[in-house]
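This briefing is meant to be read with the structure open beside it. Please take the points one at a time and find each part in the model before going on.

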Amino acid sequence: MKKFFVSIVLLIMTPFLLTSCFGTDIPDTAGDKLTVTASFYAMYDFARLIGGDKAEVYNLSEDGGEPHEFEPSAADMVKTEKSDIFIYNSDTMEGWVGKIIGSMGNNVTVIKASEGMETGDNDPHVWLDPKNAYTQMEKICDAFCEKDSANADYYRENLRICREKTEQLDRDYAESGLAGKKIIVSHEAYGYLCRAYGIEQMGLNGINDESEASPARIAEIIEFMKANGIKYVYAENTESDKIVRTVAEGAGAEVLVLSPFESETGGRNYFEVMRDNLDALVK
């Protein structure tokens with residue numbers, strides 16, 4: 001009788017023990033909703049803009065800081081394997097993505113959202129050009145419609161709304177008078193944005209910001225700012241701005257935030273962040 005009781009208890013407790021091993025936020029099912037896993041915030045936001053209340057979207061690197069440096073855990077592998085769709089930007093942006101894709105079955109649809117957009121200069125931030133961002137949303141919408149055809153009209157309507165917002169955003173940037181301006185940034189993540197609107201960026205670091213700017217580079221930027229009367233320098237919303245503030249003090253300038261939209265603690269969407277970026281650039 002005692003053995004029988006123990007067996008019953010173990011049988012009841014096993015699902016709870018397994019859940020505790022892999023995290024409590026991995027549901028067995030999302031009901032009638034699509035389950036979507038995105039590699040980092042930009043992809044997560046595009047998926048939720050299209051998916052609305054018909055999709056359950058998870059951001060893999062939500063608690064992982066820099067998406068470049070993120071390392072997927074066993075729980076992340078399980079979460080992705082249980083998804084209908086996995087969305088990532090590029091192998092350049094998410095160098096770890098091979099570990100995720102290699103672990104999943106054929107039932108998961110994989111979307112490489114930057115396919116055909118990268119220029120070959122190792123800059124993965126394609127979404128900072130609004131036209132590219134819309135193309136990525138379009139790819140996501142196509143995958144959602146194929147996977148969940150019953151709600152295809154719903155996803156296409158959300159895409160239509162995004163198209164209107166993107167077109168207006170593009171017009172506002174194009175008409176802002178930014179063409180020909182030079183901006184000083186912490187690292188050169190804004191190549192696509194700058195090319196789209198005729199802006200020139202100078203970075204304390206290059207596209208990869210893994211190391212701190214050298215004293216020589218800091219001095220060079222300060223002198224350039226003084227010589228050209230540049231009164232603002234841009235820090236990112238996710239990084240320490242110690243070096244940027246050193247440059248600002250040396251040049252008698254002010255620090256403003258320019259977001260590469262890699263992560264967002266406030267839950268803002270792409271259009272909100274890009275409008276804040278436009279305000280900062282116009283200033």
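This is a predicted model: local features need pLDDT of at least 70, side-chain atom pairs count only at pLDDT 80 or more; totals for chains, interfaces and linings use all residues.

In strand β4, the residue V110 is the bridge partner of F86. The chain has 283 residues, of which 46% count as buried, and its secondary structure comes to 10 helices and 8 strands. Among the contacts in the chain with a separation of 6 or more, 62% are between residues 24 or more positions apart.

**The sheet**

- Strand β3, residues 85-88, pairs with β4 in the parallel sense, and 4 bridges join the two.
- These two strands belong to an open sheet of 4 strands, which follow one another in the order β2-β1-β3-β4 with parallel pairing.
- Because β2 (55-59) and β4 (109-112) stand at the edges and each has a single partner strand, one side of each is left without a neighbour in the sheet.
- On average, and with direction ignored, neighbouring strands of this sheet are turned by 20 degrees against each other.
- Strands of a sheet pair through backbone hydrogen bonds, and they may do so in a parallel or an antiparallel way.
- Strands β1 and β2 run parallel and are joined by 5 bridges, and one of the pairings is that of L34 with its bridge partner A55 in β2.
- Although β2 stands at an edge of the sheet, this strand is mostly covered, with 4 of its 5 residues buried.

**A residue inside the sheet: V36**

- V36 is found in strand β1, and with a relative accessible area of 0% V36 is buried.
- Not counting residues up to four places away in sequence, V36 touches A47, A55, E56, V57, Y58, S83, I85, I87 and F144.
- V36 and N59 are 23 residues apart along the chain, and their C-alpha atoms are separated by 8.8 Å.

- The buried residues of α2 include Y41, Y44, D45, F46, L49 and I50.
- What do the buried residues of α2 pack against? They pack against the strands β1 (34-38), β2 and β3, and also against the helices α5, α6 (152-174) and α10.
- The residue that follows α2 is G52, which has a positive phi near 50 degrees.
- The axes of α2 and α6 come within 7 Å and cross at roughly 120 degrees, and the two helices are therefore oblique to each other.
- In this contact, L49, I50 and G51 of α2 meet Y154, Y155, N158, L159 and C162 of α6, which by class gives 6 nonpolar, 2 polar and no charged residues.

**Helices α5 and α10**

- Two packed helices are described by the angle between their axes and by the distance between those axes.
- For α5 (residues 130-147) and α10 (residues 270-282), the axes come within 13 Å and cross at roughly 175 degrees.
- Helices α5 and α10 are therefore roughly antiparallel to each other, a description that applies to angles over 145 degrees.
- P130, A133 and M137 of α5 make the contact with Y270, F271 and M274 of α10, and by class these are 6 nonpolar, no polar and no charged residues.
- F271, which lies in helix α10, is buried with a relative accessible area of 8%.
- Leaving aside neighbours within four places in sequence, F271 is in contact with L49, M137, C162, K165, T166 and L169.
- F271 and K165 are 106 residues apart in sequence, while the distance from C-alpha to C-alpha is 7.4 Å.

**The nonpolar cores**

- The largest nonpolar core has 58 residues, and those with the most contacts inside this core are F46, W127, M137, F144 and Y270.
- Not counting residues up to four places away in sequence, M137 touches F46, L49, I50, L159, C162, Y270 and F271.

Note on methods
Residues are numbered from 1 along each chain as its sequence is written. Side-chain values use heavy atoms; hydrogens and water are left out. A nonpolar core is a set of buried Ala, Val, Leu, Ile, Met, Phe, Trp, Tyr and Cys residues joined through side-chain atoms within 4.5 Å. Buried means under 20% relative accessible area, exposed over 50%, partly exposed in between (1.4 Å probe, protein chains only). Contact means heavy atoms within 4.5 Å. Two strands pair if DSSP finds at least two bridges between them. Axes are lines fitted to C-alpha atoms, for helices over the stretch in contact, and angles run from 0 to 180 degrees between N-to-C directions. Angles under 35 degrees count as roughly parallel, over 145 as roughly antiparallel, 65 to 115 as roughly perpendicular and the rest as oblique. Ala, Val, Leu, Ile, Met, Phe, Trp, Tyr, Cys and Pro count as nonpolar, Asp, Glu, Lys and Arg as charged, and the others, Gly among them, as polar.
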